[in-house]
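Work through the exercises below with the structure open beside you. Try each task before you read its solution.

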Amino acid sequence: MKKLLVVLMVLGGALFWWLERPYPHLNIELPPLDMPTLPPTAAPIQQDLPRGADFRVHGHQFKLLAKYSVTAAIIGRERYRMDDGASFAPVDFALGWGRMSDPRVYQALEISQGGRWYVFRYENQPPIPKHEIQVSSANTHIIPANRHVAARLAKLKTHQVVTLKGYLVEVRSAAGITYRSSLSREDTGAGSCEVLLVLEVE
């Protein structure tokens, strides 16, 4: 009986460590960003980079597409551990800005995440027009640039308001799968997620 209890405790400890282990990070060094900090009522700011830098880290090929700054409420948060992108993008944040940063609005929706998707549902009528929900929220694949950023991101919870600054990127993973960020807040469906290399967390 005692041996079984010890085994169960060891397995429980291992499972807890696996679930709660720190976010992976890539030790990417890039120059500081000159991007403003926005209020959550404002839409994200994006500065496209026609000739963005390319670099390789841990077998993953990165291309910088645009500078990006967003202040938003975290209306959903999903940790990923097993899929191809988990080694560089360990978490997705569903972010809401404008009226979608108001808890009275987004809490009137049923929000779910899974498989790198973000879905909202509502009964009868939405709290604000459906198109406004679509263009004022986004599922964002979060890539911590370094250990410090990873530690700060891991502490963030649903309903917090956060400012994230970094680069929208295209990543070709070591397994050969390409993840390309959307460069529009107007799109929906496949390819509409942002892929954000985070350099700063406020």
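Ala, Val, Leu, Ile, Met, Phe, Trp, Tyr, Cys and Pro count as nonpolar, Asp, Glu, Lys and Arg as charged, and the others, Gly among them, as polar. The model is predicted, so local features need pLDDT of at least 70 and side-chain atom pairs pLDDT 80 or more, while totals for chains, interfaces and linings use all residues. Residues are numbered from 1 along each chain as its sequence is written, and side-chain values use heavy atoms, without hydrogens and water.

**Exercise 1.** Describe the lining of the largest pocket.

Solution. 
- Step 1: On a 1 Å grid over the protein atoms alone, a pocket is an open set of points with protein on both sides within 12 Å along at least five of seven lines; a cavity is a set where a 1.4 Å probe fits but cannot get out; lining residues have an atom within 4 Å of a point.
- Step 2: take the volume, which is the space filled by probe spheres set on grid points joined across faces, edges and corners. The largest pocket holds about 320 Å³.
- Step 3: locate the centre. The lining has 16 residues, and Y118, D187, T188, G189 and S192 are the closest to the centre.
- Step 4: sort the lining. Six residues are nonpolar, seven polar and three charged.
- Step 5: name the main contributor. β6 gives the largest share, four residues; strands such as this are DSSP runs (E, at least two residues; helices are H or I, at least four), numbered from the N terminus.

**Exercise 2.** Which residues line the largest cavity?

Solution. 
- Step 1: the largest cavity has about 40 Å³ of space.
- Step 2: its lining is made of G85, F88, A89, R116, H141, Y179 and V195.
- Step 3: these divide into four nonpolar, two polar and one charged.

**Exercise 3.** Classify the aromatic pair of Y118 and F120.

Solution. 
- Step 1: state the rule. Rings of Phe, Tyr and Trp (its six-membered ring) pair if their centres lie within 6.5 Å; planes under 30 degrees apart are stacked, over 60 edge-to-face, the rest tilted.
- Step 2: count the pairs. The structure has four.
- Step 3: apply the rule. Y118 and F120 are 6.2 Å apart centre to centre with 45 degrees between the planes, a tilted pair.
- Step 4: check burial (buried is under 20% relative accessible area, exposed over 50%, partly exposed in between; 1.4 Å probe, protein chains only). Y118 is buried because its relative accessibility is 14%, and F120 is buried at 17%.
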